[in-house]
Amino acid sequence: QVKLVESGGGSVQAGGSLRLACTVTGYTPHMAWFRQGGGREREGVAADNGAGSTTYADSVKGRFTISRDNAKNSLYLQMNNLQPEDSAMYYCAADGRPTYFSRLLQKSTYKNWGRGTRVTVSS
């Protein structure tokens, strides 16, 4: 069974940075970060297909970087130039079923989820 535990959330001022981490038990090739806040639907932020390719939501391109360290069973999200609209609960997600690259930022792609870590950005 896959278990995901996020860490690294916190409160920062606009323009600041945070690095989220997700520790994974069990291997799953497709991994992603999602966020949910401000009454919005849970949205995909960044994803890694386990084969060296990544994809990002347009709203975070150039500011966020997803990476993984398989030796440490960990997934990371480096977030720079954070803005108030980035405030949300951030969730780690993982799945091992075959999928299309275009679906990596869709929440329906993932059946394994962490409990989330909160990010608050003040102006």
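Reader: How many salt bridges does the count come to by the rule in use?

Author: The count comes to 7 salt bridges, where a salt bridge is a side-chain nitrogen of Lys or Arg within 4 Å of a carboxyl oxygen of Asp or Glu. This is a predicted model, in which local features need pLDDT of at least 70 and side-chain atom pairs count only at pLDDT 80 or more, while totals for chains, interfaces and linings use all residues. Residues are numbered from 1 along each chain as its sequence is written, and side-chain values use heavy atoms, with hydrogens and water left out.

Reader: What makes Arg35 and Glu43 a salt bridge?

Author: Their side chains meet with N to O at 2.7 Å, and the rule asks for a distance within 4 Å, so the pair qualifies. Arg35 also forms a salt bridge with Asp86, with the closest N and O atoms 2.9 Å apart. Arg35, Glu43, Arg63 and Asp86 are linked in a network of salt bridges.

Reader: Why is Asp86 called buried?

Author: Buried means under 20% relative accessible area, exposed over 50%, and partly exposed in between (1.4 Å probe, protein chains only). Asp86 has 0% relative accessibility, so Asp86 counts as buried. Arg35, at 4%, counts as buried as well, whereas Glu43, at 28%, counts as partly exposed.

Reader: How do you know that Ser74 counts as buried?

Author: Ser74, which has its place in strand S8, has a relative accessibility of 11%, and therefore counts as buried.

Reader: What makes a group of residues a nonpolar core?

Author: A nonpolar core is a set of buried Ala, Val, Leu, Ile, Met, Phe, Trp, Tyr and Cys residues joined through side-chain atoms within 4.5 Å. The largest one here has 26 residues, and those with the most contacts inside it are Trp33, Leu77, Met79 and Tyr90. Apart from it lies another core, of 6 residues, among them Ala32, Phe34, Ala47 and Tyr110.

Definitions and conventions: Helices (H or I, at least four residues) and strands (E, at least two) are DSSP runs, numbered from the N terminus.
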